[in-house]
Amino acid sequence: MSHYYFLPHQRIDDMLSALKSDGYKCVAPRYHDGSIGYDDLNKSSELPWGYHDAQAPGHYEVTKTEHKHAFGFTLPTTSVKPMLFKAKENVWKVARNDEGKLAFEPIVEFEKIAVFGVRPCDLRGIEIQDRVFMENSYNDVRYVKRRENQFLIAMNCTKSHSNCFCTALGDSPFADKGFDLAMTELNDEGFVVEVGSEKGRVLLDTLNLAAASGGQAQAALSRIEAAAEAQTKTLPPIKEVEAKLMANLEHPQWDDIASRCLSCGSCTQVCPTCFCHTERDEPNVLGTETNHTREWDSCFSIDHSYTHGDTYREDTKYRYRQWLTHKFSTWRDQFRTKGCVGCGRCVTWCPVKIDVVDEINAICK
Amino acid sequence: MLYTNDAYTPFEVEVVEFIQEHHDIFTIRLKFTDPAIDSKYFFRPGQFNMIYLYGVGEVAISIVNDRNHQPGRFEHTIQVVGRITKGMAKLKAGDKVGIRGPFGTAWPMEEAKGKDVIIVTGGLGNAPLVAATEEVLKNRKQYGKLRVLHGIRTSDLLIYEDMYTRWNNSPETKVYMATSNAEPVDNGKWTWGKGFVTNFIPELGVDYANSIVMCVGPEPMMIGVAKSFIAAGVKPENVYISLERSMKCAIGHCGHCQLGAQFVCKDGAVYPYPACEELLKVKGL
């Protein structure tokens, strides 16, 4: 039995139908209002055919080309994170009766979602967040249920944007694990498909796909290698970065960054691994029921470190240092993994063009 | 931690008594309304609960054992410092609140056995160490001398006075109370001491080389206390402090309580001093 199959572009809809008959809602990158982001996908024609993106520090631009490929862009503006750890949701509610008795009830909402086209960096982002919400002392039941009901179709990179730096972290634009199916797009033809789980195999069996030819399989690998080689950013070995950052907490570069950083938190909002959140109550006007919400927070917000009377990280310098040292150093101590996947979104979406790779190199040189 | 299927959702408890300790400090005595939950609930001295006030939110507060040693009861002594605690100050007997917990590390009650025990607190830092003190008194023969040192800014801020008197009359136990200002309590009525807690170091009559110190107070005070007792001969690893940071979840998910690589909610709040000494020196960490 072949390890690689071939899914022609014309048969994407068969795959979507198979997923739908298994009860999955399909989600994929789609073009909308000048950007490419995840949205519901009903048919293959809704994919961003021919769209390319250009990313640079503080810059994002999408252009339409005549190419007949659906994944000619690099990566969507958002990662898979919002599907698992929602930007805002009700986590529980409590009803209060006339006697003041409180009845607490967890709110656990999930659905079967198949994500068609997950870049390898975003797959690693899921793996990192699993450590926080699913492989920790206490799990988030909502996250666990969503993960259990997720079907992941990875899309290996055939292009890198100028902010991509997964290779600088020792990773590659090649999906190595954590997927049900992994695909590599060949221009104008279709996808070379690899199976990564039993769930993936069962689905693929229903499609009766032909084995990929040796040439197709080789072409797919070459395209991924080309994407890796297109990355230009470099970092010292990650263990060295981890040690040097914590040894340089008083480095003058922190002041330099603080003179540019707006403390807006954009980087944390687009990050596939950031997990900080806050919780608050939203009571109804009758005083009979309250929703308890969980909402993304950011270590760049002034409230983040506020503990009755004291704000521990009152200056931008301390907030940026918290973000960077957490992501690139203390994450390892906490979760036995690194906290960054090199997707480059924090660089692209920084309004003042701060490039995290440059800052790390400035501190670690 | 009490846990059914979701670590985020609290359990209902009833306020069995509301005690006004001071104009902005109060204690709520609590019991779980579901006996099945109560039978599963067990905390160690030094741990904390998340207390939920209907329609407002949750706060992290250390657990005080029940003053009447009644099974199925525990207490929280709370100071009004923000929106949620302000609302909690209006609670009364019969009211319901939510509890998640217990969370965090505990005081080193095992390590303290066979040693002289020195409890040092400042302000409302005494609440997180009541359970540890009671634990020593309950198993009196397993521990050496017990010294309880408490510092308050002004004399009228003294809470738990009956408890301190009882402790002071217990075997091998002595309470030292210091205030920087005795004025607010009428002349002659203030029978406790003056000055700072560290002033008592020369007169405690303990074997510092075989003592364990447990301290809670404002961060600068804990650092000062740790340094003074280490200078007096206490081994650094036998000095324990308890840190306070913002906590929204208490289960290591929300990110607010981070101090370097530490999640204070689960790696603390009780730390051996050497484990956080360097971290506390870094401004803005």
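A word on domains before the rest: the domain bounds I quote come from an automatic or database domain assignment. Please also keep in mind that this is a predicted model.

With that, chain A is divided into domain 1, residues 4-229, and domain 2, residues 238-364. Taken over C-alpha atoms, the centres of these two domains of chain A are separated by 25 Å. The contact between them involves 37 residues of domain 1 of chain A and 32 residues of domain 2 of chain A. Which elements of domain 1 of chain A give two or more residues to the side that touches domain 2 of chain A? They are strand 5 (59-64), strand 6 (88-96) and helix 3 (120-133) of chain A. Strand 6 of chain A supplies the largest share of that side, nine residues. Sorted by class, this side of domain 1 of chain A has 17 nonpolar, 11 polar and nine charged residues.

Next, the sheet. Chain A has an open sheet of eight strands, in the order 3-2-8-9-10-11-1-12, and its pairing is mixed. At the edges are strand 3 (35-40) and strand 12 (210-211) of chain A, each of which pairs on one side only. Strand 12 of chain A pairs with strand 1 (residues 4-8) of chain A in the antiparallel sense, over two bridges. One residue to look for here is A:Y5, whose bridge partner in strand 12 of chain A is A:A211.

Two helices lie across strands of chain A. Helix 1 (residues 12-21) of chain A lies across strand 1, strand 2 (25-32), strand 8 (113-118) and strand 9 (150-155) of chain A, and it runs at about 135 degrees to strand 2 of chain A. Helix 5 (residues 198-207) of chain A lies across strand 1, strand 9, strand 10 (181-186) and strand 11 (190-195) of chain A, running at about 135 degrees to strand 11 of chain A.

Helix 1 and helix 5 of chain A also pack on each other, at an angle of about 125 degrees and with their axes 10 Å apart. That angle makes helix 1 of chain A oblique to helix 5 of chain A. The crossing is right-handed. On helix 1 of chain A the contact is made by A:D14, A:M15, A:A18 and A:L19, and on helix 5 of chain A by A:L203, A:T206 and A:L207. By class, that contact has five nonpolar, one polar and one charged residues.

How do helix 7 (residues 238-247) and helix 12 (residues 356-364) of chain A cross? Their axes come within 9 Å and cross at roughly 70 degrees, so helix 7 and helix 12 of chain A are roughly perpendicular to each other. Helix 7 of chain A passes helix 12 of chain A in a left-handed crossing. The residues in contact are A:E240, A:V241, A:K244 and A:L245 of helix 7 of chain A, with A:I360, A:I363 and A:C364 of helix 12 of chain A. This contact has five nonpolar, no polar and two charged residues.

Finally, chain B. Its domain assignment gives domain 1 (11-103) and domain 2 (116-281). The C-alpha centres of these domains of chain B lie 22 Å apart, and the contact takes 16 residues from domain 1 of chain B and 16 from domain 2 of chain B. On the domain 1 side, the classes are eight nonpolar, six polar and two charged residues.

Note on methods:
Residues numbered from 1 in each chain as written. Chains lettered and ligands numbered in written order. Predicted model: local features only at pLDDT ≥ 70, side-chain atom pairs only at ≥ 80, totals over all residues. Axes fitted to C-alpha atoms, helices over the stretch in contact; angles between N-to-C directions. Helix = DSSP H or I, 4+ residues; strand = E, 2+ residues; numbered from the N terminus. Parallel < 35°, antiparallel > 145°, perpendicular 65-115°, else oblique. Left-handed = near helix turned anticlockwise from the far one by under 90°. Contact = placed C-beta atoms within 7 Å. Nonpolar A, V, L, I, M, F, W, Y, C, P; charged D, E, K, R; others polar. Pairing = 2+ DSSP bridges.
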